[in-house]
Amino acid sequence: MSLPCHFSRREFLGLFGAGGLALAVPAHPATGRTAQTGEGLSASAWLHIGTTDLVTIFVDRTEMGQGVWTALPMLVAEELECRFGQLRVLPAPVARVYRNPLPAREVMAGIIGGEPAGDSVTAWFLDRLAWHASRQMTGSSSSVRNAFLPLRLAGAVARNLLLEAAGRDWHIPARDLVASDGVISSRDGTRRARYGELATAAAGITPGENPPLKSGSRWKIIGRPLPRVDVPAKVRGTARHGLDIRLPGMLSGVVAMPPVPGGSLSMLDVRSVENFPGLVTVLVLPGRDGVVVVAERTWQAMKAMEALPLVWEDGPNGTFDSRTLMEEMARAADRPGRVIEERGDPVRVMKEADRRIAAEYRQPFLAHAAIEPVNATAWLGRNGILELWIGTQAQEEAAAAAAAAAGIDPGQVVLHTLFMGGGFGRGLETRIAGQAAFVASRLHRPVRILWPREQDFANDAFRPPQFARLEASLTAAGRITGMAWRIAGPSARRRRFPLLAMTGLDRSPVDGATGFPYAAIDHFRLEHVGVTTDIPLGSWRSIGHSLNAFARESFIDEIAWATGQDPVTLRRELLRGGEPRALAVLDRVTTETGWGRPLDAGQAQGVALHASFGTLVACVVRVRGRTLAELAVEQIDLAVDCGQVIHPDILVAQIGGGALFGLTAALYGEVVIRNGRSLVRRFRDCPLLSARDCPEVRVHIVHSNLPPGGAGEPGTPPAIPALANAIHRATGQRIRTLPVHGSTVRDSAAGQSGQE
Amino acid sequence: MSGSGERVAIRVNGQLYGVDPDTPLLWLLRDELGLTAAKYGCGDGDCGACTVLAGDVAVFSCQVMAGDLDAPVTTLEAAPAHPDLARIQRAWIRAQVPQCGYCQPGMIMSVCAVLRHGQARTVDEVMALVPNLCRCGTWPAVRQALGALLAEDPDPVSLARAGPAGDE
């Protein structure tokens with residue numbers, strides 16, 4: 001599903017109409033400046049063809065390793081009929097035309113209880129509402145899904161304008177001309193013109209109707225593993241991340257924030273650092289929620305910050321303890337929650353059951369822990385324009401935060417999107433944009449500010465914790481007759497969408513719990529008990545799916561074990577009457593891993609299945625070790641059906657990388673909070689799967705011509721329960737509390753509650 | 001903090017510079033010399049994003065004060081003059097290793113040091129000696145690149161000893 005599906009004539013012309021600079025890459029309203037495109041054809045906000053033959057594609061999504069810098073231009077180039085290697089790729093500016101309706105659409109569908117039928121009035125209405133409510137942002141594995149139609153249209157429209165321009169010049173109907181490799185020619189080859197030669201003429205032509213797009217059988221670019229556009233610069237070390245920005249006269253700032261979220265500065269004494277070399281100023285952030293030390297050089301700012309006496313007031317979260325919240329969530333799950341989904345009569349079936357199985361699952365706060373620390377560079381010029389250089393996933397929100405902090409209109413902000421050194425959802429947070437803008441507004445010089453590693457960890461917007469209870473009713477023979485699932489947990493979207501969270505309409509805590517795949521279970525109920533915490537929470541790779549896949553797929557495995565059934569066989573039965581694509585990925589992964597064949601002593605496999613962001617993934621993890629202490633993860637296999645594959649190697653890297661992200665979290669991931677303070681301060685507090693311990697990763701693509709699903713996140717959710725299930729088979733220990741190994745900073749007294 | 005303005009001489013990519021001895025090498029490279037390939041990830045010696053070579057040894061440049069350096073420094077920017085470094089880059093591009101790219105310059109320098117040292121002969125042995133953290137999960141592609149490198153030239157030490165020789 002890519003949106004919007006239907007353009008009105010007016011919208012079509014608005015997006016793709018030619019007409020020179022008016023519909024070019026949006027010129028900034030305050031500066032009048034566009035990106036450097038020169039003369040030529042601006043057939044849409046995504047594409048410019050210069051008179052020098054330079055084809056520029058503007059990518060409106062943030063490149064954070066997930067490959068949009070390559071995949072999105074591929075869509076344009078396919079229809080435009082130019083060689084991929086002749087493209088220049090630039091980041092798009094911030095503009096409404098670059099809005100991303102898909103995440104908004106999915107939130108809305110969640111509110112009304114599910115995706116409406118494609119041709120229904122409700123679907124049309126949601127499309128329109130999402131279109132108008134949406135913002136320019138990158139996330140929810142939506143970039144390719146969202147761009148698949150419009151960017152191909154952009155290429156096709158431009159191609160047709162060039163054909164038309166040539167046709168008018170040569171007095172040959174456009175349909176008798178050929179576009180290929182950046183050249184328009186007549187069929188007999190006697191007339192030829194490069195795109196650049198035709199661009200100016202094409203700019204004066206109004207496009208006709210929605211052009212037909214190529215069928216997949218004619219694709220030369222889509223589906224191919226083309227060399228990625230950003231790889232050479234990243235290998236040479238010339239790719240620019242936030243801290244690589246250098247501007248004339250630029251200052252460097254380092255931020256310290258209250259050790260407890262919601263706290264504030266109560267004492268600051270700058271006298272002890274007054275004479276520090278290179279020191280420019282020490283600023284207190286609005287609301288006293290941080291301090292920025294600014295110096296000529298970063299190291300000077302760090303030294304001064306280290307020496308600066310700071311006293312913080314903890315505020316209301318000073319007694320917060322993550323153990324206490326987990327106990328609170330467990331108690332909250334004793335009360336009925338809001339019913340999210342129900343079919344049949346699970347209450348009756350549970351009461352009448354011959355046999356019942358129940359289990360509780362506890363999952364912790366998680367940190368994003370990207371290697372690049374949070375940073376931004378800002379410059380408020382004398383003309384009142386604020387330029388902001390930032391790796392952000394939420395351009396409009398970041399620009400708005402910057403404008404508010406600098407006391408200017410959002411229209412006065414020019415935001416330059418940079419490569420992110422790891423996104424994983426943390427780029428949706430905009431506190432750094434406000435901080436950078438505030439400092440810039442006080443100094444009127446370019447200033448680059450960063451959160452040192454400890455601040456990055458302490459001030460993360462964590463993946464929410466969760467307590468879940470699952471119950472199943474079974475016949476004496478072990479057939480599942482009903483299932484009840486109660487989730488107690490806070491909302492990851494409260495900060496960005498407070499109204500949604502407050503009204504209980506935010507479905508992120510039940511992401512992935514809805515759309516229960518096991519259709520053969522006739523009686524089912526899903527409930528959510530809302531829990532509130534003031535610890536900052538945010539979107540972490542796959543959001544609620546990371547939590548709910550673990551609970552469900554572990555529980556199915558527990559039922560298989562308790563009833564003496566093979567976990568794959570049980571899932572096949574439960575999938576009957578459900579989504580056939582789910583069965584297909586399950587079959588593929590079990591074939592590829594030889595599921596059921598005897599393994600070496602000490603080896604065991606675990607399986608899990610999950611669908612998210614339009615993509616289905618079945619995962620098998622193989623471990624070795626009879627105890628947790630000697631556990632080694634040897635191999636992980638993932639079968640993925642993401643519909644139409646744009647770039648197979650990017651898909652493999654994202655699904656595999658997502659799985660490793662999930663594995664790492666399952667093994668070690670945990671943010672313990674005591675007295676409001678996160679105990680994770682350094683990477684050494686937060687073990688990550690190392691090069692040495694990394695399992696072999698194999699991704700198997702199940703090909704399909706259905707509309708593309710996402711790639712960035714779907715590998716993460718199933719990896720977690722597949723690991724837990726493998727561990728159970730290998731060691732006899734059922735993992736009900738994550739992480740498997742627990743944090744080294746956790747009190748030994750806390751123990752591993754819930755592990756059997 | 002060196003308020004006296006005292007300078008110490010260090011050699012980076014073949015050039016001599018006079019720098020503040022009490023500043024970590026990482027910040028001198030990035031902020032004074034404009035060599036931004038080595039990245040700041042933690043400043044704690046945990047992540048390796050700042051890895052450069054001092055002599056033939058990989059060091060975390062955030063942990064080395066300029067005044068304590070006793071060997072010439074090589075950064076990723078010098079790859080065109082170091083055939084073994086350039087070869088790793090070519091293998092990295094062929095295997096399309098980077099995702100977000102932030103950890104990669106440091107990782108490439110670590111791999112270069114391991115291969116120069118010459119003891120690790122298999123992909124597993126090299127991986128065991130690479131301390132760099134990667135959050136995106138590039139390990140499978142790294143393994144592929146290492147496999148190609150080791151298959152191409154089972155004696156990388158001799159290549160390193162051949163010395164700087166421009167682009168191959």
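Visitor: Where in chain A is A:Q644 found?

Guide: A:Q644 is found in the loop of chain A that runs between β24 (632–641) and α18; helices here are DSSP runs of H or I with at least four residues, strands are DSSP runs of E with at least two, and both are numbered from the N terminus. Before going on, please keep in mind that this is a predicted model, in which local features need pLDDT of at least 70 and side-chain atom pairs count only at pLDDT 80 or more, while totals for chains, interfaces and linings use all residues. Residues are numbered from 1 along each chain as its sequence is written, chains are lettered from A and ligands numbered from 1 in the order in which they are written, and side-chain values use heavy atoms, with hydrogens and water left out.

A:Q644 counts as buried because its relative accessibility is 12%, where buried means under 20% relative accessible area, exposed means over 50%, and partly exposed lies in between, with a 1.4 Å probe and protein chains only. Once residues up to four places away in sequence are set aside, A:Q644 touches A:F148, A:W219, A:S704, A:N705, A:L706, A:P707 and A:P708, a contact being heavy atoms within 4.5 Å.

A nonpolar core is a set of buried Ala, Val, Leu, Ile, Met, Phe, Trp, Tyr and Cys residues joined through side-chain atoms within 4.5 Å, and in soluble globular proteins nonpolar side chains tend to be buried together. The largest such core in this model has 188 residues, and those with the most contacts inside it are A:M483, A:W485, A:L723 and B:W92. Helix α18 of chain A, spanning residues 648–668, gives the most to this core, with nine residues. If we follow A:L723 and leave aside its neighbours within four places in sequence, we find A:L723 in contact with A:V621, A:V623, A:V633, A:L663, A:A666, A:L667 and A:V740. Apart from this core lies another one, of 60 residues, among them A:F58, A:V76, A:L162 and A:A166.

One of those residues, A:V76, is also in contact with A:I57, whose other contacts beyond four places in sequence include A:W46, A:L47 and A:P73. A:I57 has its place in strand β3 of chain A, residues 55–59, and its relative accessible area is 0%, so A:I57 is buried.

A:L243 is found in the loop between α7 (231–236) and β8 (251–256) of chain A, and at 3% relative accessibility A:L243 counts as buried. Not counting residues up to four places away in sequence, A:L243 touches residues of chain A such as A:E372 and A:R448, and also B:R30, B:Y40 and B:Y102 of chain B. From C-alpha to C-alpha, A:L243 and A:A376 are 7.8 Å apart in space, although 133 residues separate them in sequence.

Some backbone details deserve a careful look as well. Most residues other than glycine have a negative phi, and most peptide bonds are trans. A:S140, in the loop between α4 (121–133) and α5 (143–170) of chain A, has a positive phi near 55 degrees, and A:S140 is buried, with a relative accessible area of 11%. In chain B, B:Q96 has a positive phi of about 55 degrees although it is not a glycine, and B:Q96 sits in the loop between α2 (83–94) and α3 (104–117). A cis peptide bond, with omega about 0 degrees, joins A:L738 and A:P739, and A:P739 belongs to the segment after α19 (716–731) of chain A.

Stepping back to the chains themselves, chain A has 19 helices and 27 strands. Of the 756 residues of chain A, 63% count as buried, and its C-alpha atoms fill a box of roughly 80 × 75 × 50 Å along the principal axes. Chain B, for its part, has six helices and five strands, and of its 168 residues 61% count as buried.
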